[in-house]
Structure formats: structure tokens, C-alpha cells
Amino acid sequence: MTTRKCLDSGIGPFGDQMFVSKMTLNQPGVFGQIDDLQDLTFIERPIRRSLKTAEEIDKLTVDENLNDIERAVYLLSSGQDVQRASVIVNLPTLVRQNPAETFRRVVPKVREVLHVAGVEIQLAAASSFLTILQDDIVLIQTHTHSILQIVLLNADHRETVVSNAWLETLLAAIDALPKETIRQEILSPLVSKAQLSQSVQARLASCRILGKVAGKFDSSVVKKDLLPLVRSLCQDVEYEVRSCMCRQLENIARGIGLEHTKAVILPELVELARDEGSTVRLAAFDTIINLLEMFDSALSPSPVDDRTRVIFPLVKTFCEKCFKADEAVLASLSFQYGKLCHGLSACFTEEQHLWFLEFYKKLCFLGLQHENGHCESQAYQLELENKYAMVRRNCAYNFPAMMLFADPNHFLSELYRTFSSLCHDPEISVRRTAAEGFHEVVKLLGPNVHYVHKELVTLLQDDSLEVLDSLLNHLQETLEMSTSRGEGPGPESKLVAVPELVPALVAAEQKAASSLRWRVHERLLHCYACLPRVLPAEQIYYRFLIRMFSIITTNNVLPVQREAARTLCVFLRYNRKQEQRQEILTKIIQDLAQGRSYWNRLRYLDLCEIAMELFSKSYFCKHFLIQALELVSDPVANVRYKLCHMLPRLRSTIRLPTDKHLLQQLEFCVRKLLCWEKDKDVVSTIRKIVLELDKMEITEPYHKRHERDLLDQKKEKEETLLLEMEMLERQQSDTKVVGEKHTDKKRRDSKTSLTVTKGMSGSTSGATLSTSTGKEMRKAKLSRSRSLSGHPTTTKMSNSSDKTLKVKESGSCLGNSKSTILAVNDDSVRPHHYGVASTSSSISPTPSTSSMPVLIRSNTTSSVVDHRSNGTKDTSSRKLSILPCQRSYSTWPTLSPGWSFMSSCLTSMSTPSTLMGCWREDRQTDGETDAGGHVLRCAKRHERDRKTGKDRKRERMERGDV
């Protein structure tokens, strides 16, 4: 609307005036009168109606009655270059259809054309003949002469690209040619082409041919016919030829055997390793590394001597020279370094072993630090930085091999700092390579995998998604080994590593989600399926499940949403808490199956497809099927359309006769779609699906149904096992909770007993060191007690201060005190009734509730309690230890007359500790009884023992022993 207004007013949408020069007051519109448009004329240009002239069309026309062979011959003879190239490209097809006629009539024409052909036709011919040789289209022996003549003729082409292409064809032909043909057709001209008078390109080709044919002949033939040419080419004046021949010495050595290799090849390698050309030295170094396995073989009588005497000094010199002056070769050296150290490790002394390990560490820090450890201050040139970065990347690639070389048990002391540096390298390519081999490092560490937990977290939190992408290749394996073997020296190390791992995984997922590389995000979610084997269920539930729901409902990439749904189903399957599983299912129904957006409802159907793969049929029918069938009434046709396609799979989950009601509901959905559906796509789909549903039971083979049933039974067993494990864990958890409560109770009781004991000792010492006022108060109380009693004491107990006896409180004790003290004083023990009272100096800080009771004499006769008669009725009143000292002294009940005998026994005891010992023994024997019964039995037992002791003394006196 805005644009139209602007056009009508002559103003563009950006405020520019349009066609100002053409507009006048008489013009009603922007474009003026229609007559003005007729004045516009266009410049006519000549248009070529055809790309080819009639003569050219006649030349390109071919008779349709010609067969393929005749047409190919005609086009090669008189056709255009395009037509000739087409025939040569289709030459393998002609050979397959009619090999005899093709080699008799077409191949000679091809040979004639190649004399004057350009580069494109030459390359097409080389590729066609290479295809014929590699695919074994015909027996090469049948047409050896015709093929080799063409290949050898064009191998010396002046164009390097063409000659290399024909050389590859010749090398492929050598594998299929017999020995005699090779000797006659290839080796004979090879002697002349290897001379210095030939071109460099011809000598390079001779080097490659020598390396190829060495494996076709016996060692005697190679030594006699090929070794002279090999020596000559190794001493060529051109470094390119020497380097090429040096790389072929490996094939020559394997062809002539170990003895001739030590006598002939090894000296040549030593000389080439000292060549002035860096490429020659590098080629010699690579060849030596590749030949190390020959020196390790059983055929070598003294491999250790050969490697120690010849190879080790040579390699050491090469490494030192490259590190100091030849940065270009360091990249290749670092790439082969792991293989080199692993091959020579058996013959290294401890000093040599240490030297190679330290050299590897220098390569890992190359470009980052000086040898003194300080970082470089000046800027490196870009080319040099790239070379050093390549060296460090190769070192990261070889790190697992160097772990084997250094022994994984010494990882922490020897290589941990190096590995940490590679994982924190400033170059992305280095960190990416370290991430690619991280799972190998974890395997080698074994039980010590906790050493690299920090580096794993670092790579997961890396700023570059390329590093994360490389780590994802084996992330599941890495996480499982990192947590299963990561116990370390203590039982808590695994739990310590998990909190560091969970935030790193969450951060990695958020970083991938915020980027445009959705495939990395999809792969990461796929790797999250291993988390039930790595993390506790609680952490998965609270840290990852909500995120999966968020991805399913808010992400815009369909593969990412589906992968999140799969991961969510995996979390649901391996969750062992019924409450959490029910919450997940409820949220799936509410957010997806009953979601407001049709996109979420479509994702629920995707989730159902995944659930049918992961869960058993019974589980799926119980939790997912009903909600899926309810979508038949969805207002959006896309949802109904997808549901129609899923109906056969939903039908396969229903088991009869158990799920007969589900089958009826599914049939009702089908009838509803057939009767009420208005969308034409849904109608056509449901009609096809109905026919497919009718044929399901008939067309499906029995063995497929049987395999599916077995798989479903396996899933049911797994689900049953998970439920049993859940119940077992719950029982163990309950038992553990009960045990912890019992242990805590015992601990509290022991602490309380210890506190009371310390308080007793403190009160005893406090009573001894109390002021004279306190003593006078106690004496006044004791004198009052004597005045109230009419019976004198029979025996005086010890005159020491108040003795306290600790009595354990029973479980039904009233008040907050855990124990009570029975204090016995020699002046307070009488053969009369006794009461219980509280001393003024209590141990407890709250005397009103937990003051310590003592036995005193009292004439109070109110509320007399007969313990013998009430002992079986009121348990709480029978226990001496539970009598709370909250009443005044006058309100305590008077003890029964049966205590008079007990009091006489108490007065006869020498110390209160004797009574306490008897009381404790009686408590252990009789269990829960009244306090009076305890003391009475203890007193009787002590009196009996005392009399027994007097009788024994009298008997000894009568016998005259004393």
C-alpha cells in the first residue's frame, strides 16, 4: 500500500522522486500519455538462429543404421574431437559388449588417433585403459600386446600430466601381466630409459617401475638384473630422482630379502640420509621407519645390534639436524615419530629411551616456548607458524603411540604436562587432533583415567565447534570409560568428577544449539543416549530432561528434534524411579500429544515411532497408544495424514486377545477417517492403509513375526529387570535409612552418656570444692533427717562427699533428661522408709527438669505407694530412673515397709559402688523392673555374699588356717 501511494505521488519508497524530467503539469500519471510510449524504439540486434552451420551439422550427422562398433570406427576416422573423445570414454563399455571386435577394429583406430590427440583425449584414453585393466573386463593375456604397445608408446609424452596418467596405467598392468611378458616388454626398454642421457621424467618413471616389478621376481633375479639400476638411480645427479628411488627401496628390500638388504640397501639408505637435499633425507628417513619391521622379524639373527649400531645413530643425527636447521622436514618427521619410537623401543637403552621422549616433548612445545620455558615475545612469520602448528598437530596424532613408548603407568610424571598443553594449544587443528585421539588415551590409562578428567572437560567446553565435532566421534566410549574406571585412589573421586562433567556437557549442548551447525547438535544429542550409563539418574532428570523437552518444542531443525525425542525416550527407559517416570510421561502427553501447536503433536507421533523401537509392545500400548489414536480428531490435516501412515505400525503393537479393546479403538479410528475425512490426501492415504492392514497377517512371513516376538520378549525381560532393580534399590535405600537412624540414635545416646559422665565427675569435684555454705546446708538437711527418724544407724558408710551412681534412663522416661543419678550418703541411709528428692547442685543446666534424685529419709506419709502391688500395672511408675524431680521434697511418696530390710543391707555395704555394681548386674539380668525391686535384690545378694564370706572365715579359723 505504501509503495502504491509513493508511485501515485511520483515519490519512490525511499523518498526519491521518479521520472522528474518527464513529468509535466499536463501529465495525469507517472508514465505520461500512452502515445509517448509509442515513440520509444528498440535497437534491433542480429540474432543467430543456430549454433552450428549446415555444413557442420552434416559432418556431425551419423547414419542411424550403424551398430556400435561401426559407429565408433567411423567417428574415430572422420569425426570431430568431441566425437572421438566420446568414443574413447565409452571404450570400456564396447569391450564389455564385444571384446573381440573392439580390440580388432576399434583399438587400432584409437592408437592412430592418440598420435595427434590433445591432452584431453590422452587423459581420457589413459583413464579408459586403466578401467579396462582394473575391472578385469577381459583376459589381459589375450590382448597384452595391443594394450602394452599403446601404454608404453604414450608413457613418454612431453606433457607431464599425460605421461603420469599413462604411467599409472602401466603400473596397474604390471599386476596382471605374467613374468615373461614383463621381462620382455617392460624390463628390456627400462635399462635404456634409466640412463643419465634420458630425461628426468623418464628416469623418474624408471624408478617407479623398478619398485613395482621387484615384487614379481625372485631375489636372485632382482639382485642380478635390478640392483645395478637401483644403485645408479640412487646416485643420480638430480635430487628428485634420488628421492624417488629412495622411496622405492622399501619394495626392493622386500623383494631381495633381509640379507641382501643389510648388505646392499642399508648402506645406500645411510648415504641418502646424509644427502644435502632435505627431500632426499626425508625419503630415507621414511624408508628406514617402514623397514623397521624387517629388522624385528625372526629371520634377523641380530636385529638389536643392527638397530643399535646403525639405525639409532642415523635417526638421532637426522632428528637433531632437522630440529636445528630444517623446519620443512620437521612436519614429516613428527608425523612418523610415533611409528619410529614404537619400532625402536625394544633395542633402546634407558638413556636412549629418555632422549627420544624428551625430543618428542620439544616437538610438542615447538613454536610455543623456548627451552627455558618462557613464551616468545616476538611475532613469528606466518609460514613458520603454520609449520610449527603442523608439527604440534602431528605430535597430537602420535600421542597414543608415545604413551605406549613411555609406559602408561608413567603418564602423570612423563606426559601429562605435554598432553595438557596439546589440549590447550592455541591452534584449533592441534586441539581437534587431540580430541580425535582422546578415547585412545583413555583406553591406555585404564584405572588412572581420572588423570585426564580435566582435559576432557576442557575439550567439551572448547570455543571451537570443530574440536567438539572431533570429540563426538568416540564421545560415548570416552564417557563410559572415564566414569567406569575413574575411581582413582579414593572412593569419592568418581563423584568429584561428575559435577565437573555435567556442566561441561550442558555447555557443549548450548553452544551447539546456538550455532548454525545443526549436524553437530544432532550428533551431540545422539551421544547423550549413553548418559544413563554414565551419570546418576537424579542428575539426568534435573539437568537434561527439561532441556530435551525444550529442544523438541522450540528447535527449528527437524533432525535435531527427532534426536532429542530419541534421547528423551532413552532417559525414560532407564530411569529407575516410578515418580519421575510418571512425571515424564505426563509431561509428554501434556506438552506434545495435547500441545497447542500442531508441530508438537507431530513430534509426539515421531516420539511414538521411537518408543516402538525402544520399549516393549505392552509398555507402548499402556503409555503411548491411546494418546496417538486420539489424534484422529486433530483439526490439522498434516497430523491426521501422519497418523494414517503410522496405523500399520500401531497395529503391530497390539497383541490379541489381551489388547482386544485397543484393536477395537484402532478400528474405530479407521472407520472415522473413512467416513468423516474431507482432506483428499488423507482420504487417499487411509484407503491404501486399509488394504495394507488387511494384508498384514497374510503377507508377513512367519520367521519375521517370530523374530519380532523374540525381540519383544527380550525388551519385556529388560523392563522387568529394571523394575526389580528399582525395587531392590528402594529396599536397600530404606534399609540404609533405618540403619542410619539407628546409628544416629546410638551415637546420640553415647554422646549423652559421655556428657553425663563428665558432668558427674565435674559435680563430684564441685561438691568437694564447694563453699562452706553448701556444706552447712547439706549438714542441716542431714540433721533434720536424723531428727525425723527414730531408728539409729547400724553401720556408718564412708564419710566422703556425695557419691553418685549413674543409672541409664529407659525409653519411656518423662522429661528431657537421659539419665538420673542415685546418690547414696552414709548419713542418709536408714532402715526406715525412703523418698526421692533433688539436690540443689544438679548436673543438668536446667535443674527444674533434669536435676539428679537422691535417696533421703522422710517422714512424709502422704500418697504412700506400694511398689510391690503396683509393679505390674504402671510401668512408668516402677522405674526409678524415670521419676522426674519436678516436685518438692515433701510431695515424694514414702517407700513401702519392705525397704527396711533393704536399708539394713545398704547400711552394711562398705561403698556405694558395690550397690551400683549389683544394680547394673541385676538390670542386665532381669530387664525392665521397678526401681525398688532392683535395689532390694541387690541388697539381698550382697548380704548373702557377706554372710558366705563370714562362714568361710569361721571355717578357716576352726581348721586353724588363720
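Buried means under 20% relative accessible area, exposed means over 50%, and partly exposed is what falls in between. Keep those cut-offs handy for the exercises below, which all use a predicted model.

**Exercise 1. Get the overall picture: how many helices and strands are there in the protein, and what share of its residues is buried?**

Step 1. Start with the secondary structure: the protein has 49 helices and 4 strands.

Step 2. Now burial. Of the 962 residues, 43% are buried.

Step 3. Finish with the contacts. Take those with a separation of 6 or more: 70% of them are between residues 24 or more positions apart.

**Exercise 2. Look into the largest nonpolar core: which residues have the most contacts inside it?**

Step 1. The largest nonpolar core holds 218 residues.

Step 2. The ones with the most contacts inside that core are Trp166, Tyr337, Tyr604, Phe624 and Leu650.

Step 3. Pick Tyr337 and list what it touches, skipping residues up to four places away in sequence: Cys319, Phe356, Phe359, Tyr360, Leu363, Asn398 and Met402.

Step 4. For background, nonpolar side chains in soluble globular proteins tend to be buried together.

**Exercise 3. Go through some salt bridges: which parts of the chain does each pair tie together?**

Step 1. The whole structure has 36 salt bridges. As a reminder, side chains of opposite charge can pair when their charged atoms come close.

Step 2. Take Glu168 and Arg208, whose side chains meet at 2.9 Å, N to O. Glu168 sits in helix 10 and Arg208 in helix 12 (residues 200-213), so this pair links distant parts of the chain, 40 residues apart. Glu168 is partly exposed at 36%, and Arg208 is partly exposed at 29%.Step 3. Next come Arg247 and Asp286, with their closest N and O atoms 3.2 Å apart. Arg247 is in helix 14 (residues 239-247) and Asp286 in helix 17 (residues 278-290), so the bridge ties together parts 39 residues apart in sequence. Arg247, at 39%, is partly exposed. Asp286 has a relative accessible area of 10%, which is under the 20% cut-off, so it is buried.

Step 3. Then there's Glu613 with Arg566, a salt bridge of 3.3 Å, N to O. Glu613 belongs to helix 37 (residues 598-614) and Arg566 to helix 35 (residues 558-573), so parts 47 residues apart in sequence are tied together. Both ends are partly exposed: Glu613 at 41% and Arg566 at 27%.

Step 4. Salt bridges can share partners, too: Arg562, Arg603, Asp606, Glu609 and Lys642 are joined into one network that way.

**Exercise 4. Work out the setting of Arg431: is it buried or exposed, and which side chain does it meet in a polar contact?**

Step 1. Arg431 is in helix 26. This helix spans residues 428-436, and its buried residues are Ser429, Val430, Arg431, Thr433, Ala434 and Ala435.

Step 2. Arg431 has a relative accessible area of 10%, so it is buried.

Step 3. Find the polar partners. The side chains of Arg431 and Asp462 are joined by a polar contact of 2.6 Å. A polar atom of the Arg431 side chain also lies 2.7 Å from the backbone oxygen of Asp425.

Step 4. Widen the view to contacts in general. Setting aside neighbours within four places in sequence, Arg431 is in contact with Leu422, Cys423, His424, Asp425, Pro426, Leu459, Asp462, Ser464 and Val467.

Step 5. Zoom out to the helix. The buried residues of helix 26 pack against helix 22 (382-397), helix 25 (416-423), helix 27 (438-445), helix 28 (453-460) and helix 29 (465-471).

Definitions and conventions. Residues are numbered from 1 along each chain as its sequence is written. This is a predicted model: local features need pLDDT of at least 70, side-chain atom pairs count only at pLDDT 80 or more; totals for chains, interfaces and linings use all residues. Side-chain values use heavy atoms; hydrogens and water are left out. A nonpolar core is a set of buried Ala, Val, Leu, Ile, Met, Phe, Trp, Tyr and Cys residues joined through side-chain atoms within 4.5 Å. Buried means under 20% relative accessible area, exposed over 50%, partly exposed in between (1.4 Å probe, protein chains only). Contact means heavy atoms within 4.5 Å. Helices (H or I, at least four residues) and strands (E, at least two) are DSSP runs, numbered from the N terminus. A salt bridge is a side-chain nitrogen of Lys or Arg within 4 Å of a carboxyl oxygen of Asp or Glu. A polar contact is a pair of N or O atoms within 3.5 Å; within protein, one must be able to donate a hydrogen and the other to accept it, and residues adjacent in sequence count only if both atoms are side-chain atoms.
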